[in-house]
Amino acid sequence: MTPTLTAPVFGLLNRTSLVAQILIGLIAGIVLAQLSPAAAQSAGFLGNVFISALKAVAPVLVFVLVTASIANHEPGQQTHLRPILMLYLVGTFSAAVVAVVASFVFPSTLVLTAADKAASAPGSIVEVLRSLLTSAVDNPVNALMKGNFIGILVWAVGLGITIRHASNTTRVVFNDLSEGVSLIVKAVIRFAPLGIFGLVGATFAEAGLGALVGYAHLLAVLIGCMLFIALVVNPAIVWWKIRRNPYPLTLTCLRESGITAFFTRSSAANIPVNLELSKRLGLHEDTYSVSIPLGATINMAGAAITITVLTLAAVNTLGITVDIPTAILLSVVASICACGASGVAGGSLLLIPLACSLFGISNDVAMQVVAVGFIIGVVQDSAETALNSSSDVLFTAAACIAQEETARK
């Protein structure tokens with residue numbers, strides 16, 4: 001009897017996209033908060049469980065994903081990728097800088113429960129760098145246990161470089177481990193609708209509809225930054241590279257790659273689309289066959305914006321003062337974090353604690369910021385993926401065109 005009843009339910013869940021399920025959970029949480037605030041606050045338990053699951057999986061995800069990514073890069077591989085890599089890095093860093101400027105001009109705040117109001121602000125850039133160095137040399141096991149993402153990142157990079165010189169079998173093991181952890185992350189995120197339902201219900205029961213205005217402002221800042229990068233900064237970078245009107249190429253990439261990426265919400269899933277577009281643009285196959293998959297991993301302008309804006313929103317909420325040198329350091333850290341963003345939906349959100357740790361924000365509060373990211377992720381993650389994926393083929397095309405024109409001369 002039970003299988004007969006449950007099979008249609010699971011079938012319906014499989015046929016319904018995660019975005020739609022999160023949207024349903026979001027609306028249901030708001031409705032419950034208006035009808036029965038007490039019940040909505042009780043439902044907050046689901047949100048707490050979801051946050052705890054994220055806290056458990058995020059350190060392992062960062063460690064394994066970065067280690068496997070570095071370890072599986074083939075030493076001495078000739079792909080002529082240096083100009084494209086430079087564009088990827090410039091684009092990602094520019095996105096982080098734009099996000100910092102937008103966050104100062106249009107500051108956002110969040111509604112956090114049990115916010116860590118006693119979080120200590122860094123006194124200067126020297127203090128921040130000292131704290132970074134101390135965190136970087138932490139014991140790897142201790143870093144994983146306590147969620148020290150700076151230490152996790154350093155150990156992952158070091159171990160990845162070392163494993164590059166190990167046997168193929170060892171690298172395959174780490175690659176399989178990375179895929180296994182990614183599956184676990186996907187399983188956790190499948191429960192996002194329930195977690196969002198509980199979080200939204202508890203938040204609106206406590207703060208009322210005013211919280212929605214705050215999220216709308218935050219979302220507007222995020223989408224505004226992404227549109228500015230896609231329509232102003234990226235075309236400027238392309239113009240610098242090819243020295244002609246960049247908008248025909250930019251709009252083609254947004255139309256042919258960005259739209260599909262918006263709905264798939266996965267840079268990895270959009271790789272075949274970008275490869276086909278590169279072929280139709282007449283690009284060099286030996287170049288785009290490597291740069292497109294690589295860009296799906298490291299070219300993450302949208303992720304840099306998300307990490308920066310949400311981190312500074314948490315900073316504003318806690319009343320921490322940020323000076324210009326620290327903001328620049330945040331841009332660098334956000335760019336590095338973005339390069340390690342997971343390929344699963346909402347992967348960039350799990351790297352926010354790494355940026356939050358720059359300002360002494362506790363991991364508990366940082367994971368609440370991640371949960372806020374999931375609430376607005378119905379739109380934010382789609383726009384982020386569209387920017388990331390369309391930039392992959394845009395910068396690849398710009399570098400190939402510039403190389404061809406140089407060869408003609």
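The conversation below takes up a predicted model and ends each answer on the value or name requested.

Colleague: Which helix gives the largest share of the nonpolar patch on the surface?

Modeller: The patch is formed by F93, V97, V101, F104, V105, F106, I324, I328, V332 and I336, with about 890 Å² of accessible area together. Two helices, helix 4 (82-105) and helix 15 (324-339), each supply at least two of its residues. The largest share amounts to 5 residues, and it comes from helix 4.

Colleague: Is I328 buried, partly exposed or exposed?

Modeller: I328 is a member of the nonpolar patch and lies in helix 15. A residue is buried under 20% relative accessible area and exposed over 50%. The relative accessibility of I328 is 48%, so this residue counts as partly exposed.

Colleague: Are helix 4 and helix 13 roughly parallel or roughly antiparallel?

Modeller: Helix 13 covers residues 285-298, and its axis comes within 11 Å of the axis of helix 4. The two axes cross at roughly 25°, and helix 4 passes helix 13 in a right-handed crossing. Angles under 35 degrees count as roughly parallel. Helix 4 and helix 13 are therefore roughly parallel.

Colleague: What is the handedness of the crossing where helix 4 passes helix 14?

Modeller: The axes of helix 4 and helix 14 are 8 Å apart, at an angle of about 30°. The crossing of helix 4 past helix 14 is right-handed.

Colleague: Which residues are linked in a network of salt bridges?

Modeller: Side chains of opposite charge can pair when their charged atoms come close. The side chains of E256 and R255 meet in a salt bridge, at 3.4 Å from N to O. E256 also forms a salt bridge with R280, where the closest N and O atoms are 3.6 Å apart. The network therefore links, by the 4 Å limit between nitrogen and oxygen, R255, E256 and R280.

Colleague: How many residues apart in sequence are the parts that E256 and R280 tie together?

Modeller: The closest N and O atoms of E256 and R280 are 3.6 Å apart, in a salt bridge. E256 lies in helix 11 (residues 247-264) and R280 in helix 12 (residues 271-280), so the pair ties together parts whose separation in sequence is 24 residues.

Colleague: Does R280 count as buried or exposed?

Modeller: For E256, the relative accessibility is 27%, so E256 counts as partly exposed. R255 has 45% and therefore also counts as partly exposed. The value for R280 is 51%, which means that R280 counts as exposed.

Colleague: What distance separates the C-alpha atoms of R171 and I70?

Modeller: R171 lies in helix 8 (residues 168-190). Its relative accessibility is 9%, so R171 counts as buried. R171 and I70 are 101 residues apart along the chain, and the distance between their C-alpha atoms is 9.8 Å.

Colleague: What distance separates the C-alpha atoms of M226 and Q380?

Modeller: M226 lies in helix 10 (residues 210-242). At 4% relative accessibility, M226 is counted as buried. Along the chain, M226 and Q380 are 154 residues apart, and their C-alpha atoms are separated by 9.4 Å.

Definitions and conventions:
Residues numbered from 1 in each chain as written. Predicted model: local features only at pLDDT ≥ 70, side-chain atom pairs only at ≥ 80, totals over all residues. Heavy atoms only, no water. Patch = residues over 30% accessible without salt bridge, like charges linked within 9 Å, V, L, I, M, F, W, Y side chains within 5 Å. Areas by Shrake-Rupley, 256 points an atom, 1.4 Å probe, with all protein chains shown as cover. Helix = DSSP H or I, 4+ residues; strand = E, 2+ residues; numbered from the N terminus. Buried < 20%, exposed > 50% of the residue type's maximum accessible area, 1.4 Å probe, protein only. Axes fitted to C-alpha atoms, helices over the stretch in contact; angles between N-to-C directions. Parallel < 35°, antiparallel > 145°, perpendicular 65-115°, else oblique. Left-handed = near helix turned anticlockwise from the far one by under 90°.
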